[in-house]
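Subject: A structure to look through, with notes

Dear colleague,

I am handing over a structure that I would like you to read through slowly, with the notes below beside it. Please open it first and then follow the text from one part to the next.

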Amino acid sequence: MEVTDEIKNKTSKMITNLATSVDDVTSEKLKETIYRGVNEWLTPTEVRNLLLDIFKDLKTSRLDKIVRTESIRYWSFAEQEAWQQSWVVKYKQRWTALDERTCSTCWSLHGKKIPIDKSFAKDSYRDIIGSPLHPNCRCDMIPILE
Ligand SMILES: [Zn+2]
């Protein structure tokens, strides 16, 4: 999978928000490392190990959460790009586990079906166009052909 400029633009702001506690150089290294992981099909553990060299002060579990969340976000954007380019997928639908670990926002969006190019909702700093909604989000999207 190639990280296109479109995907980079959509995800760049979110990673910058994630990395507000670090300087611009470190933030860029975080982005580059996650893009590299997606491009080279690295496992989340391999990407985390690369990031351990940059974020020496962060706990491994925190880096695992960042890598997992942001890698899923890229896949989700790429998946939607492919759906849109297919001209067959017209809608997308959110799907969640609906269990005790599901947050109220994800619960409220479960089953919501919208046109492929629209947002499910908008929060304080972004349009919610796919998954994950937050770290450790287990929700997914389903393509709807109509
Ligand atoms: Zn969720």
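Before anything else, a word on how the elements are named: helices (H or I, at least four residues) and strands (E, at least two) are DSSP runs, and they are numbered from the N terminus. Residues, for their part, are numbered from 1 along each chain as its sequence is written. Please keep in mind that this is a predicted model, in which local features need pLDDT of at least 70 and side-chain atom pairs count only at pLDDT 80 or more, while totals for chains, interfaces and linings use all residues.

The overall plan

The chain holds five helices and five strands, and read from the N terminus their order is α-α-α-α-β-α-β-β-β-β. Of the 146 residues in the chain, 21% are buried.

The cores

Which residues make up the largest nonpolar core? A nonpolar core here is a set of buried Ala, Val, Leu, Ile, Met, Phe, Trp, Tyr and Cys residues joined through C-beta atoms within 7 Å. The largest one has seven residues, namely Leu30, Ile34, Val47, Leu51, Leu63, Ile66 and Val67. At least two residues of this core come from each of α2 (24-39), α3 (44-52) and α4 (60-86), and α4 gives the most, with three residues. Apart from this core lies another, of five residues, including Cys106, Leu109, Phe120 and Cys139. As a general background, nonpolar side chains tend to be buried together in soluble globular proteins.

The helices

Let us take α2 next. Its 16 residues reach 22 Å from the first C-alpha to the last, close to the expected 22 Å at 1.5 Å a residue, where the expected span is 1.5 Å times one less than the number of residues in the helix. The buried residues of α2 are Leu30, Ile34 and Gly37. Seen down the axis of α2, these buried residues fall within an arc of 60 degrees, so they line one face of the helix; the arc is that of the directions from the helix axis to the C-beta atoms. On the face of α2 turned away from its buried side are the exposed residues Asp24, Val25, Glu32 and Asn39. Trp41, which follows α2, has a positive phi, near 55 degrees.

In the loop between α3 and α4 you will find Ile54, which counts as partly exposed, with 15 C-beta neighbours inside 10 Å. Ile54 is 24 residues from Leu30 in sequence, and their C-alpha atoms are 7.9 Å apart in space.

The helix α4 has 27 residues and reaches 39 Å from its first C-alpha to its last, close to the 39 Å expected at 1.5 Å a residue. Its buried residues include Glu70, Arg73, Tyr74, Phe77 and Trp83. Just after α4, Trp87 takes a positive phi of about 60 degrees.

Leu98 sits in the loop between β1 (89-95) and α5 (104-109); although it is not a glycine, it has a positive phi of about 50 degrees, and it is exposed, with 11 other C-beta atoms within 10 Å.

The loop between β4 (127-128) and β5 (140-145) contains Pro132, which is joined to Ser131 by a cis peptide bond with omega of about -5 degrees. Asn136 is found in the loop between β4 and β5 as well, and its phi is positive, near 70 degrees, in a residue other than glycine.

Finally, Ile144 lies in strand β5 and is 51 residues from Gln93 in sequence, with 7.1 Å between their C-alpha atoms in space.

With best wishes

Conventions
Buried ≥ 20, exposed ≤ 12 C-beta atoms within 10 Å, placed from the backbone.
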